[in-house]
Amino acid sequence: MFDTKIAIIVRDDLATWQKLNVTAFLMSGITGANPDLIGARYEDRDGNAHLPMSVQPVIVLSGAASVLTNIRNRARTRGIDTVAYVEEMFATGHDDANRAVFAEHGQDAPNTVGIALRADKKIVDKITKGAKMHG
């Protein structure tokens with residue numbers, strides 16, 4: 001049904017709260033860059049309106065630090081934009097601080113705890129090779 005795929009990959013050694021936190025932040029980057037992903041508002045049986053969600057499913061994968069580094073590098077070499085979250089961002093409290101700690105680390109730093117991308121399905125499958133379904 002969709003030509004593209006959204007994949008979020010989280011490092012497998014994180015605490016549950018960290019995995020959920022990273023997933024939420026990464027998806028906000030995907031939707032921010034792709035406003036067409038957001039559908040219409042929802043309405044329940046009682047007529048209460050609820051905020052809209054993504055119209056496209058999201059696959060959540062996991063992997064070791066080296067897998068996330070490989071995914072970041074594969075995406076970069078293919079020219080695919082990503083959203084990345086580094087470990088040091090857990091200790092910050094606002095966007096400016098997040099940007100500052102993110103800027104201290106390079107592409108190959110082993111501190112990436114999450115990465116997300118949206119691209120053609122086949123490209124996403126190639127880029128995320130080595131990651132496993134989160135379970």
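Which residue forms a salt bridge with Arg99, and how far apart are the closest N and O atoms?

Guide: The partner is Asp95, and the closest N and O atoms are 2.9 Å apart. A salt bridge here is a side-chain nitrogen of Lys or Arg within 4 Å of a carboxyl oxygen of Asp or Glu. Some ground rules come next. The model is predicted, so local features need pLDDT of at least 70 and side-chain atom pairs count only at pLDDT 80 or more, while totals for chains, interfaces and linings use all residues. Residues are numbered from 1 along each chain as its sequence is written, and side-chain values use heavy atoms, with hydrogens and water left out.

Back to the pair. Arg99 and Asp95 sit 4 residues apart in helix H3, so about one helical turn separates them. Helices (H or I, at least four residues) and strands (E, at least two) are DSSP runs, numbered from the N terminus. An α-helix has 3.6 residues a turn, so residues three or four places apart point the same way. Arg99 is exposed, at 55% relative accessibility. Asp95 is partly exposed, at 42%. The cut-offs for relative accessible area are under 20% for buried, over 50% for exposed, and partly exposed in between (1.4 Å probe, protein chains only).

The structure holds 6 salt bridges. Another joins Arg11 to Glu87, with 3.4 Å between the closest N and O atoms. Arg11 lies in strand E1 (residues 4-11), and Glu87 in the loop between strand E5 (82-86) and helix H3 (95-103), so this pair ties together parts 76 residues apart in sequence. Arg11 is buried, with a relative accessible area of 8%. Glu87 is partly exposed, at 37%.

Next comes Arg118. Its partner is Asp36, with the closest N and O atoms 4.0 Å apart. This pair also links distant parts of the chain: Arg118 is in strand E6 (residues 112-120) and Asp36 in the loop between helix H1 (16-33) and strand E2 (42-43), 82 residues apart. Arg118 is partly exposed, at 22%. Asp36 is exposed, at 55%.

Helix H1 has 18 residues and reaches 26 Å from its first C-alpha to its last. That is close to the 26 Å expected at 1.5 Å a residue, where the expected span is 1.5 Å times one less than the number of residues. Its buried residues include Val22, Leu26 and Ile30. The buried residues of H1 pack against E1, E4, E5 and E6. E1 holds Arg11, and E6 holds Arg118.

E4 leads on to Ser62. Ser62 is found in strand E4 (residues 58-63) and is buried, at 13% relative accessibility. Residues up to four places away in sequence aside, Ser62 touches Ile9, Val10, Asp12, Ala131, Lys132, Met133 and His134. Contact means heavy atoms within 4.5 Å.

Last, Met133. Met133 is in strand E7 (residues 132-133) and is exposed, at 57%. Neighbours within four places in sequence aside, Met133 is in contact with Ile59, Val60, Leu61 and Ser62. Its C-alpha is 16 Å from that of Val22, 111 residues away along the chain.
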